[in-house]
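Me: Could you take a close look at one part of this model for me? I'd like to know what it packs against, and then how the surroundings are put together.

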Amino acid sequence: MNPLVVEQMTVAYDRQLVLENVSFSVPEGKLVGVIGPNGAGKSTLMKAMLNFIPRMHGHVFVYGQPYEKQRHLVGYVPQRNSVDWDFPTNALDVVLMGRYGHIGLWKRPRKEDIDMAMQCLDKVGMLPYAKRQISQLSGGQQQRVFLARALAQDASIYFMDEPFVGVDAATEKAIVQLLNELKTRGKTVLVVHHDLQTVRDYFDYVLLLNKRVIAFGETESVFTYDHIQKTYGGKVTFLSSTHIVG
Amino acid sequence: MNRMDINVQWVFTSTALLGLASGMIGTFALLKKQSLIGDAMAHAALPGICIAFLLYGQKSLLLFLIGATCSGYIATICIQFIVKHTRVKEDAAIGIVLSVFFGLGIVLLTWINQHEGGNQSGIHDFLFGKAASLTGSDVNVLTVTAVTVIIMILIFFKEFKIITFDRAFAQGIGIPVSLLNGVLMFLIVSVVVIGLQAVGVVLMSALLITPALAARYWTEKLEWMTLLAGGFGALSGVAGAYISLIAYAPTGPLVIIFATVLFIFSFLFAPKRGLCSKMIRRHIERKKLQSQQLMYKRGEQL
């Protein structure tokens with residue numbers, strides 16, 4: 001049974017269709033790159049799958065059950081600029097938020113929650129910054145805190161919205177390492193991604209999206225010149241570094 | 001101790017609790033970037049209070065609360081309607097609605113004062129607040145509501161924290177965001193409404209935001225910020241009520257002046273975020289840099 005199945009999903013903002021009849025099915029333990037131009041509906045896809053915005057039509061199944069019943073199995077890493085980083089809190093506190101779903105209403109985090117949050121910070125190389133005020137962290141470090149928070153959630157499927165945007169090389173490397181570790185543990189990860197150059201290196205599967213699904217499948221067979229041109233409406237003039245040089 | 005003293009003590013206790021609740025809940029309003037909501041609620045409450053008075057014929061805090069809550073609720077619906085169906089942004093919508101409601105309230109208030117013997121009714125105290133006008137039953141309503149708000153904040157602290165910091169993530173991990181957001185808004189409105197008589201329609205929202213703003217300068221932890229804001233609010237409430245009692249002046253402006261003094265002090269002298277400490281740090285760094293450059297130059301000359 002595939003961990004994530006999306007069936008005929010349609011989403012509209014103010015009567016304008018943003019996603020049209022989107023269907024795909026992701027096998028377990030795969031890293032999936034979600035690729036498409038600005039306004040193609042990549043973030044909307046994630047938000048609609050998570051029920052943050054209403055779907056006009058369509059269903060999302062997580063391990064064979066409707067998403068609404070399996071919410072706890074899905075972890076979400078929002079775009080870094082979606083929150084105010086001047087909020088009065090430290091890195092460890094943010095990661096602990098990943099445990100809130102497990103802790104339950106009214107109760108305080110237990111020792112094992114704090115231990116787990118520390119382990120997650122360690123996995124992204126942020127343990128030395130646990131007590132650091134979050135506005136004092138660099139953009140890449142903030143992104144790693146968000147990833148650690150998703151890890152603390154201990155989900156089976158992860159949605160990550162542009163984790164590679166505006167991060168330094170060290171963070172990019174840390175994220176790739178983390179993605180691979182998640183994969184070996186049988187987790188399924190969807191990543192909204194912008195850099196076409198690295199798609200082949202990072203992802204097993206790609207979802208080429210421009211309001212509709214242009215192509216979905218193993219990167220090897222689907223990430224082709226034709227499909228990319230079709231996704232970007234023929235606006236991609238460079239394709240690979242050899243193309244630019246040559 | 002005579003009865004008068006006990007009454008005065010109760011007025012102080014209730015304004016302290018009001019300030020405490022106001023500062024604590026204001027922390028969340030400030031961090032949610034919804035500082036204007038309290039202002040809109042307070043101004044929108046005035047016509048509701050006036051209508052309640054016209055219907056009932058005399059002052060009753062409980063009825064005023066109901067009236068204020070109703071007109072506040074109608075104002076919220078108006079704001080949401082404007083945002084949803086026009087190109088007007090939320091801040092402008094709040095601006096429009098709060099001034100229209102306030103204008104309507106002033107018209108009603110003037111009419112009451114001229115016709116219904118309003119001068120004896122004490123209804124004009126709602127404009128700028130008069131802590132001394134709080135009666136025994138007012139004090140009871142105020143105290144019970146303030147304590148309830150404080151208890152609710154303590155119970156839902158963790159949840160309010162996550163929906164304030166990252167609403168989308170909170171929704172993703174299954175926290176009932178809409179419900180908790182509604183609870184938070186309700187607590188904000190409750191504090192505004194119970195503060196109307198003591199602090200006044202015009203300035204109540206400042207008691208919500210100013211203590212939280214001042215508290216932010218002293219700490220990087222939400223827990224401390226909430227407590228500190230509550231402390232600043234309580235201090236402002238008591239100080240304002242005290243000066244107002246001995247000087248026969250309206251309470252609201254005094255409360256806000258006191259809160260603003262606390263804010264300015266924090267803004268200037270807080271250890272890390274304060275202006276002075278920032279300037280001192282910059283000065284030290286500049287001196288360091290200068291002496292380093294001097295050493296390099298000497299090194300080159302040698």
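This is a predicted model: local features need pLDDT of at least 70, side-chain atom pairs count only at pLDDT 80 or more; totals for chains, interfaces and linings use all residues.

Reply: Residues are numbered from 1 along each chain as its sequence is written, and chains are lettered from A and ligands numbered from 1 in the order in which they are written. Helices (H or I, at least four residues) and strands (E, at least two) are DSSP runs, numbered from the N terminus. Residues count as in contact if their C-beta atoms, placed from the backbone, lie within 7 Å. Angles run from 0 to 180 degrees between N-to-C directions, with axes fitted as lines to C-alpha atoms, for helices over the stretch in contact.

Now for a second sheet. This one is open too, with 6 strands in the order E6-E7-E8-E3-E9-E10 of chain A and mixed pairing. Strand E6 (74-77) and strand E10 (212-218) of chain A each have a single partner strand, so one side of each is left without a neighbour in the sheet. From one strand to the next, the twist averages 15°. Strand E3 (residues 31-35) and strand E9 (residues 205-210) of chain A run parallel, joined by 4 bridges, and Ile35(A) has Leu208(A) in E9(A) as its bridge partner. H1(A) packs on this sheet as well, touching E3, strand E7 (157-161), strand E8 (188-192) and E9 of chain A, with its direction at about 145° to that of E7(A). Helix H5 (residues 139-153) of chain A lies across E6 and E7 of chain A, at about 170° to E6(A).

Stepping back, chain A has 10 helices and 10 strands. Its radius of gyration, taken over C-alpha atoms, is 18 Å, close to the 18 Å that the globule rule gives for 246 residues, so chain A is as compact as a globular protein of that length; the rule is 2.2 Å times the number of residues to the power 0.38. The C-alpha atoms fill a box of roughly 55 × 45 × 35 Å along the principal axes of chain A.

Chain A also meets chain B, in a contact that takes 18 residues from chain A and 20 residues from chain B. On the chain A side, 11 are nonpolar, 6 polar and 1 charged. Here Ala, Val, Leu, Ile, Met, Phe, Trp, Tyr, Cys and Pro count as nonpolar, Asp, Glu, Lys and Arg as charged, and the others, Gly among them, as polar.

Chain B itself has 14 helices and 0 strands, and its C-alpha trace spans about 95 × 55 × 35 Å along its principal axes. One pair to find is helix H3 (residues 61-85) and H4 of chain B, which pack at about 140° with their axes 9 Å apart. Among the residues that meet are Ala75(B), Cys78(B) and Ile82(B) of H3(B), and Ala93(B), Val97(B) and Phe101(B) of H4(B). By class, that contact has 10 nonpolar residues, 1 polar and 1 charged.

Conventions:
Two residues are in contact if their C-beta atoms, placed from the backbone, lie within 7 Å. Two strands pair if DSSP finds at least two bridges between them.
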